[in-house]
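Thanks for coming. I will go through one model this morning, starting with its aromatic rings and ending with a pocket.

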Amino acid sequence: NLFKKFYKMKDKMTAGVMGSISIIASFLAPIFLLFYVMIALVVFDFITKISAILKQYKGESIKLKLSKINSYLMKFTPIKAVFYCAFIGLTYAIEISVFGRSFFITNIIALLFFMTEIYSIAENLDFCFGNNIFVTAVKKMRKLFETKTAKIFTEESRNNEENTKIE
């Protein structure tokens, strides 16, 4: 009799945990692509960082190269990915709870994180290849994004001013 109660309680707990996970997954489903891109960028940054370390210590022993790829780098990469994704998810949850729908604030925040990682990848690639092609390209893309964004906000503020003058 006690055995049956234990299994019923265990089944209820399992159902509750799985239900909670399902609810969270369905809530975050619209931003899973942001999570995937963030994780891919962090992994690629990790790979390019290892390549840069191996290039920096070219000609040295394998033991020395592996000692430079320390546990901090190995530990920091998954932690960085988890915190980036957690912050993106938290931003999305706040956006939904405040506005009731997404106004793409989460996408803008994620884009800032993406640009940070892309810049880090570009620095690592530039070190590996010995020139500044990648960092220059990223800086030009960022400048283009900034000018387009500023133009949109300027036009929007002008339209708002014109609408208030008409009234």
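Predicted model: local features only at pLDDT ≥ 70, side-chain atom pairs only at ≥ 80, totals over all residues.

One aromatic cluster is made up of Phe 32, Phe 35 and Tyr 36. Rings of Phe, Tyr and Trp (its six-membered ring) are paired if their centres lie within 6.5 Å; planes under 30 degrees apart are stacked, those over 60 edge-to-face, and the rest tilted.

Residues are numbered from 1 along each chain as its sequence is written, and side-chain values use heavy atoms, with hydrogens and water left out.

The pLDDT, the predictor's confidence in each residue from 0 to 100, has a mean of 84 over the protein, and 93% of residues reach 70 or more. Confidence is highest in helix H2 (residues 32-56), at 91, and lowest in helix H3 (residues 62-68), at a mean of 74. Helices here are DSSP runs (H or I, at least four residues), numbered from the N terminus.

Back to the rings. The structure holds 7 aromatic pairs. One of them is Phe 99 with Phe 103, edge-to-face, at 5.1 Å centre to centre and 90 degrees between the planes. Phe 99 is partly exposed, at 46% relative accessibility, and Phe 103 is partly exposed at 40%. The scale is buried under 20% relative accessible area, exposed over 50%, partly exposed in between (1.4 Å probe, protein chains only). Phe 129 and Phe 134 form a tilted pair, at 5.9 Å and 40 degrees. Phe 129 is exposed, at 56%, whereas Phe 134 is partly exposed, at 30%.

Next, helix H5. H5 has 25 residues and reaches 36 Å from first C-alpha to last, close to the 36 Å expected at 1.5 Å a residue; that expected span is 1.5 Å times one less than the number of residues. Its buried residues include Phe 113, Phe 114 and Glu 117. Gly 130 follows H5 and has a positive phi, near 80 degrees.

Last, the second largest pocket. A pocket is an open set of points on a 1 Å grid over the protein atoms alone, where a 1.4 Å probe fits, with protein on both sides within 12 Å along at least five of seven lines; lining residues have an atom within 4 Å of a point. Which helix gives the most to the lining of this pocket? H6 does, with 5 residues. Among the lining residues are Ile 108, Phe 145 and Glu 156.

Notes
Helix = DSSP H or I, 4+ residues; strand = E, 2+ residues; numbered from the N terminus.
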